[in-house]
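Good morning, and thank you for making time on the agenda.

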Amino acid sequence: TEPAQLSLRQRLKFLAKDTALYGGAKALSLAVGFITFPVIARHFSVADYGLIDLLSTVGAFLATVIVFGQDSAIGRYFYEYTATQERRALISQSLLIQVVVCVAVCILALAGAPWVISMLGEGSRDDLSLLMLLVILQVPFNVFLGFAQNLLKWSFARTEFLVISLGSTLASAGAIVGGILLFDFGIVEVFYTYLIIRLLFGCLGLHYCRK
């Protein structure tokens, strides 16, 4: 049922339920970060942790450039269309635009990777090149994951939203902490883990949104 079709009392109940669900999911995701931080910070040197943070920021920046506010724009127009076919057209066009921009941005990022590596200075250039590649490969799946989370939220698919939002956070944290404690993960292994988790949950998110 669309919120616009509900009574005022039902809308308030609907709002309270969604606030608790989505706010709780975000709070839990942040709490997972607080729990895993001591393990990661203790395992890596200051320089290595700084490199992980920098590369993660680069990946997040690239994903933000690709989306470039389309998530807010789709949210604005999503409810103006009541026909399913019109909503599908809106969503599909937005996803197509993001895919095209994603290809262009990733190509530019690959071309600019040597410059970023030269700015980092220390460390093996081969390792840094591999890390940059792993970060760039993550970007499309980060975009897909964010796209799916927004669409599932707007279409009130709460269970699917929780699976990909909390699932991706918990899987990443669990795999990295487990890898550090059991297999002495290095930076490269951390970014391989991020890539695999983002790939799995990004594709799962698109699967949930296929209709």
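**A tour of the chain**

Let me begin with D184, which at 55% relative accessibility counts as exposed; here buried means under 20% relative accessible area, exposed over 50%, and partly exposed in between, with a 1.4 Å probe and protein chains only. D184 lies in the loop between α6 and α7. Helices, by the convention used here, are DSSP runs of H or I with at least four residues, strands are runs of E with at least two, and both are numbered from the N terminus.

Before going further, a word on the basis of what I say: this is a predicted model, in which local features need pLDDT of at least 70, side-chain atom pairs count only at pLDDT 80 or more, and totals for chains, interfaces and linings use all residues. Residues are numbered from 1 along each chain as its sequence is written, and side-chain values use heavy atoms, with hydrogens and water left out.

What is the phi of D184? It is near 55°, a positive value in a residue other than glycine. For context, most residues other than glycine have a negative phi. F156 is another such case, with phi near 60°, and F156 is placed in the loop between α5 and α6, the latter helix covering 158-183.

Let me now turn to the aromatic rings. A pair of rings is described by the distance of the centres and the angle of the planes. Rings of Phe, Tyr and Trp (for Trp, the six-membered ring) pair if their centres lie within 6.5 Å; planes under 30 degrees apart count as stacked, over 60 as edge-to-face, and the rest as tilted. By this rule the chain has five aromatic pairs. In one of them, F37 and Y49, the ring centres are 5.7 Å apart and the planes stand at 80°, so the pair is edge-to-face. This pair links distant parts of the chain, with F37 in helix α1 (residues 8-43) and Y49 in helix α2 (residues 46-67), twelve residues apart. F37 is partly exposed, at 41% relative accessibility, and Y49 is also partly exposed, at 28%.

Why does the pair of F78 and W154 count as tilted? The planes of the two rings are at 35° and their centres are 6.0 Å apart, so the pair is tilted. Here too distant parts of the chain are linked: F78 belongs to helix α3 (residues 70-78) and W154 to helix α5 (residues 125-154), 76 residues apart. F78 is buried, with a relative accessible area of 5%, and W154 is buried as well, at 14%.

A charge sits over a ring if NZ of Lys or CZ of Arg is within 6 Å of the ring centre and within 35 degrees of the ring normal. The charged end of K153 likewise sits over the ring of Y22, 5.6 Å from its centre.

Next, L120, which lies in helix α4 (residues 84-120). Is L120 buried or partly exposed? With a relative accessibility of 24%, L120 counts as partly exposed. Setting aside neighbours within four places in sequence, L120 is in contact, meaning heavy atoms within 4.5 Å, with L51, L54 and L128. L120 and L54 are 66 residues apart in sequence, and their C-alpha atoms are 9.8 Å apart in space.

Two further positions deserve mention. E189 is in helix α7 (residues 187-208) and, at 34% relative accessibility, is partly exposed. A60 is found in helix α2 and is partly exposed too, with a relative accessible area of 43%.

Finally, the chain as a whole. How many helices and strands does the chain have? There are seven helices and zero strands. The C-alpha atoms fill a box of roughly 60 × 35 × 25 Å, taken along the principal axes. Of the 211 residues, 37% count as buried. Among contacts with a separation of 6 or more, residues 24 or more positions apart account for 76%. The chain exposes about 12,300 Å², of which carbon and sulfur atoms supply 67%; these areas come from the Shrake-Rupley method with a 1.4 Å probe, and for residues only the protein chains shown count as cover.

Thank you for your attention.
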